[in-house]
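Please view the sequence and the structure together before reading on.

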Amino acid sequence: MVDVAGWVAALDAVVELIGRRFSRSEPRRRAGTYTRGLLAGLERKNGWTLAEHAGELSPDGIQRLLRTADWDVEGVRDDLRGYVLEHLGDAASGVFVVDETGFIKKGVRSAGVQRQYTGTTGKIDNCQVGVFLAYASSRGRALIDRELYLPTSWTEDPQRCAAAGIPAEAGFATKPQLGVAMLTRAFRAGVMTGWVTADEAYGQNPTFRAWLADHEVPFVLATRNDDVLVSPDGRRRQADILATLAGHGEGGGWERRSIGQGAHGERVYDWTTVALDPAGLPDGWGHWLLVRRQTDLPQGRKVRELAFYRCAAPARTPLRELIRVAGARWAIEECFQTAKNEAGLDHYQVRSWRAWYAHITLAMLAAAYLAATRATEHEQPVEKGVLEPAGGD
């Protein structure tokens, strides 16, 4: 039978977990109602639809919860992170993933909105961009932290920031700097026990890499083919040239491995590494350029496409582990899809800084509940006729 009672009890426990972050019963109760509404089978999950689902006549109470109600949004974020690590944490397979996603908007008043590139649509759009930290392991994956990116068109306009409720101290920060801020919080909380991976926007940022090295956090970070890297002999060469000079062309030296299932089946590539200068890394660490190559020659092309990653970890780290971490980067895309489709991450209709953080945090909490529920269901023997919770894999 479907364990509906168990799912309800687990969700009640999540709502109870964050209860201490509310000084009054009214916003505490409404936050629980809001979180449950985000998990309801509603086509859109905005103020009006969530209010109607809760039996309220207007969205005023919902909007008050997000905009002005007295509760500790950052404390709930910390509870969320702890909840995910408790239910999905695994020292052997855990990876922290940094990436951003866009939220398409109309108008110019939503905090941080402007015409900017977003991978959500693959083009320049009028949108907000959020930078996120996810945790992925063999047990599951979920978003655990978030920051709203503020372009200079905002940070250089104090009046515009004030109108959107953006704190005066919230100056400009690059996306890698926002990533470091989230990683720093995780490190200070004592939960940075795994790898970090991210795309080339972070992999090519010296400050981002330096923070990881200084805190002895191993990483696999995507980089561009023209990234200039230093060999152990001190020579500086581009990534694609390094791979060729090291003898890793169309000949030998490659190891064929899968990085898991993708939208079109098993993702299988050829892989190899090139040693780099380990200067600036902890003692006993190695520094490598990890190269990924397509297994088949695409029609109309003379060479197979290559992808490159900067890697740093203890020197005895095997190639298969670097490959595993490189493949884990795509877990955050699945987190975005789940949180948007099943927990209303992008369904909000609020404009202020505080309201964005409040909604995003509760939507992440709802999505984390789904991830933890899936993990629990998958770890238990599956009986014939038992169904997974809504949104199951």
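By class, how many nonpolar, polar and charged residues does the lining of the largest pocket have? In this predicted model, that lining has 16 nonpolar, 14 polar and ten charged residues.

**The largest pocket**

The volume of the largest pocket is about 900 Å³, and 40 residues line it. Nearest its centre lie Ser-137, Gly-140, Arg-141, Ala-331 and Glu-334. Two or more lining residues come from each of strands S3 (123-137), S4 (140-148) and S9 (255-262), and from each of helices H12 (319-328), H13 (331-343) and H14 (353-379). With eight residues, H13 gives the most to the lining.

**A hairpin that includes S3**

Strand S3 also pairs with strand S2 (residues 114-118), in the antiparallel sense and over five bridges. Thr-118 has Lys-123 in S3 as its bridge partner. Four residues separate S2 and S3 in the hairpin that the two strands form. In the turn, Gly-122 has a positive phi of about 75°.

**Cysteines**

The structure holds zero disulfides. A disulfide is a covalent bond between the sulfur atoms of two cysteines. For Cys-161, the closest cysteine sulfur is that of Cys-127, and because the distance is 17 Å, it is too far for a bond.

| Residue | Relative accessible area | State |
|---|---|---|
| Cys-161 | 8% | buried |
| Cys-311 | 0% | buried |

How values were computed. Residues numbered from 1 in each chain as written. Predicted model: local features only at pLDDT ≥ 70, side-chain atom pairs only at ≥ 80, totals over all residues. Heavy atoms only, no water. 1 Å grid on protein atoms, 1.4 Å probe; cavity = no way out; pocket = protein on both sides within 12 Å on 5 of 7 lines; lining within 4 Å. Points joined across faces, edges and corners; volume = space filled by probe spheres on them. Nonpolar A, V, L, I, M, F, W, Y, C, P; charged D, E, K, R; others polar. Pairing = 2+ DSSP bridges. Disulfide = S-S within 2.5 Å. Buried < 20%, exposed > 50% of the residue type's maximum accessible area, 1.4 Å probe, protein only.
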